[in-house]
Amino acid sequence: MDKELMQKIHDREHYYENIEALEKHLDDYFDSDEMTVFHEMLSLDFHLDVYFIQPKDRDFNLLITVGMSLLEMQVPESIENRENYAFAELMLILPKSMEFSKVYPSGDKHDWIIGMMKDMARFPHHQDTFLTEGHTLQAWNNIADPYDENTSFTGCILLPSATFDEEFMQLPLGDRTINIYSLFPLYQNELAYKIENGYSKFFDLLAAGDVAEMFDNQRKNLLKEQA
């Protein structure tokens, strides 16, 4: 990582109270024995953990980043109520059958999922931008390259959650709000379609496909007939 970038991030204000509030927020919803933390052992820019939560009373598990909201994202002045978009974390709903090793990285076939979330969480802070609902990111540097040999997904979009309500997905904290966005991995042609046609048309495509929020590495391509 570029030393200048590292120093720039280190010099920015760190909102540790955001992380404390987010951890309390998760404690209010889940028991401690339902949560496993993939601690980041070495952070060259800012500390970013990922929680693996296995709720006993739900038919799904989830991953959620804890650390993206440590820093304020650079929301353009042109955005109305820009203070409402400055802090965020990312979430991915998972099937109960999906398992992870006790540490990350582990060489496990699902490591790429955690890596994808970490890359997306770091992106706005490295690029002096912001992420919000409807924004997409491609894997690595080439829209055609998948995240890993264990998947065909080449990008991701941030969506509102159909699983959790606003009370869980938006955490008010004084003069700011920490938004939690649901991640939905995309195939190459889906990502290209969203970039070309915009979020509204892609959301219509998503609704027409009646696709579940839960991650499915083998899900049907929304544009299969057009692929």
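1. Two strands count as paired if DSSP finds at least two bridges between them; strands themselves are DSSP runs (E, at least two residues), numbered from the N terminus. With that in hand, look at Tyr51, which stands opposite Ile64 in β3.

2. Some ground rules: this is a predicted model, where local features need pLDDT of at least 70, side-chain atom pairs count only at pLDDT 80 or more, and totals for chains, interfaces and linings use all residues. Residues are numbered from 1 along each chain as its sequence is written, and side-chain values use heavy atoms, with hydrogens and water left out.

3. How many residues of β3 (residues 60-66) are buried? Seven of seven, where buried means under 20% relative accessible area, exposed over 50% and partly exposed in between (1.4 Å probe, protein chains only). Both faces are covered: Phe60, Leu62, Ile64 and Val66 are buried on one side, and Asn61, Leu63 and Thr65 on the other.

4. Now take a look at Leu44, in the loop between β1 (35-38) and β2. Leu44 is partly exposed, because its relative accessible area is 40%.

Definitions and conventions
Helices (H or I, at least four residues) and strands (E, at least two) are DSSP runs, numbered from the N terminus.
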